[in-house]
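Work through the exercises below with the sequence and the 3D structure at hand. Each task is followed by a solution in steps.

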Amino acid sequence: PMLEVGCDYGRSCCLLADARPDVPLLLIDPFPDPVARQRCVEELWRRRRPFTLYPLRTADVPLRNIPLLSLLHLNGGHTVPDISIDCTLLPFVLPGGILAVHDYRRESLPDVTEVVDQATREEWDLLTVAGYLGIWRRQ
């Protein structure tokens with residue numbers, strides 16, 4: 001499965017859904033903006049793409065509900081406490097699996113880079129940074 005943390009209006013999760021329609025899609029987002037949640041869900045339904053949505057903060061999702069992942073996309077909170085909690089999901093990524101982090105190396109959100117660099121120090125190879133998207137592969 002693929003997991004996205006922080007869906008907002010669903011742009012990136014729809015790209016994931018289109019790229020790998022054969023892979024289950026899990027989403028975590030408390031959706032403080034109900035319009036964003038509606039747009040995200042409607043876009044996935046329009047694609048006839050099954051998905052599992054946890055309308056919660058990462059800290060509130062029972063870890064027993066998280067399977068082993070081929071891809072984890074983090075685009076949730078941008079503070080040290082929030083991104084640290086999101087990074088507790090890294091052990092669920094299978095060896096050879098991919099981690100994508102939005103807002104990586106964005107100067108206005110330095111906590112993202114700081115926490116992710118610490119979390120990926122071991123067992124992860126940084127593949128590329130494109131704009132503010134960092135991509136790693138788990139060893």
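**Exercise 1.** Locate Arg48 in the predicted model, describe its backbone phi, and decide whether Arg48 is buried or exposed.

Solution.
- Step 1. Arg48 sits in the loop between H2 and S3.
- Step 2. The phi of Arg48 is near 55°, a positive value in a residue that is not glycine. Most residues other than glycine have a negative phi.
- Step 3. The relative accessibility of Arg48 is 76%. Exposed means over 50%, so Arg48 counts as exposed.

**Exercise 2.** Repeat the analysis for Phe31: in which loop is it found, what is its phi, and is it buried or exposed?

Solution.
- Step 1. The loop between S2 and H2 contains Phe31.
- Step 2. Phe31 is not a glycine, yet it has a positive phi of about 45°.
- Step 3. Phe31 has a relative accessibility of 8%. Buried means under 20%, so Phe31 counts as buried.

**Exercise 3.** Determine how helices H1 and H2 pack, and which residues form their contact.

Solution.
- Step 1. H1 covers residues 11-19 and H2 covers residues 34-46. The angle at which they pack is about 15°, and their axes are 9 Å apart.
- Step 2. Angles under 35 degrees count as roughly parallel, and H1 and H2 are therefore roughly parallel to each other.
- Step 3. The crossing in which H1 passes H2 is right-handed.
- Step 4. H1 contributes Cys13, Cys14 and Ala17, which meet Cys40, Glu43 and Leu44 of H2. Sorted by type, the residues of this contact are 5 nonpolar, no polar and 1 charged.

**Exercise 4.** Classify Phe51 by its accessibility and list its contacts beyond its neighbours within four places in sequence.

Solution.
- Step 1. Phe51 lies in the loop between H2 and strand S3, residues 52-54.
- Step 2. The relative accessibility of Phe51 is 21%. The limit for buried is under 20% and for exposed over 50%, so Phe51 counts as partly exposed.
- Step 3. With neighbours within four places in sequence left aside, Phe51 is in contact with Leu25, Leu27, Val41, Leu44 and Trp45.
- Step 4. Phe51 and Leu3 are 48 residues apart in sequence, and their C-alpha atoms are 9.9 Å apart in space.

**Exercise 5.** Describe the largest nonpolar core and the place of Leu3 in it.

Solution.
- Step 1. The largest nonpolar core has 24 residues, of which Leu3, Leu72 and Leu74 touch the most other members.
- Step 2. The elements that give two or more residues to this core are strands S1 (2-5), S2 (25-28), S4 (69-74) and S5 (93-102), together with helix H4 (110-119).
- Step 3. Leu3 lies in strand S1. Its relative accessible area is 0%, so Leu3 is buried.
- Step 4. Not counting residues up to four places away in sequence, Leu3 touches Leu26, Leu27, Ile28, Ile66, Leu69, Leu71, Leu72, His73 and Leu89.
- Step 5. Another core, of 16 residues, lies apart from it; Ala17, Ala36, Leu53 and Leu71 are among its members.

**Exercise 6.** Find the buried residues of H4 and the elements they pack against. Then place Pro81.

Solution.
- Step 1. Val112, Thr113, Val115 and Val116 are buried in H4.
- Step 2. The buried residues of H4 pack against helix H3 (80-86), S5 and strand S7 (133-138).
- Step 3. Pro81 is found in helix H3. With a relative accessible area of 53%, Pro81 is exposed.
- Step 4. Pro81 and Val112 are 31 residues apart in sequence and 10 Å apart in space, C-alpha to C-alpha.

**Exercise 7.** Which residues does Ile98 touch, not counting residues up to four places away in sequence?

Solution.
- Step 1. Ile98 is found in strand S5.
- Step 2. With that exclusion, Ile98 touches Ser70, Leu71, Leu72, Val93, Leu127, Ile135, Trp136 and Arg137.
- Step 3. For one of these, Leu127, the separation from Ile98 is 29 residues in sequence and 9.5 Å in space, C-alpha to C-alpha.

Methods:
Residues numbered from 1 in each chain as written. Predicted model: local features only at pLDDT ≥ 70, side-chain atom pairs only at ≥ 80, totals over all residues. Heavy atoms only, no water. Axes fitted to C-alpha atoms, helices over the stretch in contact; angles between N-to-C directions. Helix = DSSP H or I, 4+ residues; strand = E, 2+ residues; numbered from the N terminus. Parallel < 35°, antiparallel > 145°, perpendicular 65-115°, else oblique. Left-handed = near helix turned anticlockwise from the far one by under 90°. Contact = heavy atoms within 4.5 Å. Nonpolar A, V, L, I, M, F, W, Y, C, P; charged D, E, K, R; others polar. Core = buried A, V, L, I, M, F, W, Y, C linked by side-chain atoms within 4.5 Å. Buried < 20%, exposed > 50% of the residue type's maximum accessible area, 1.4 Å probe, protein only.
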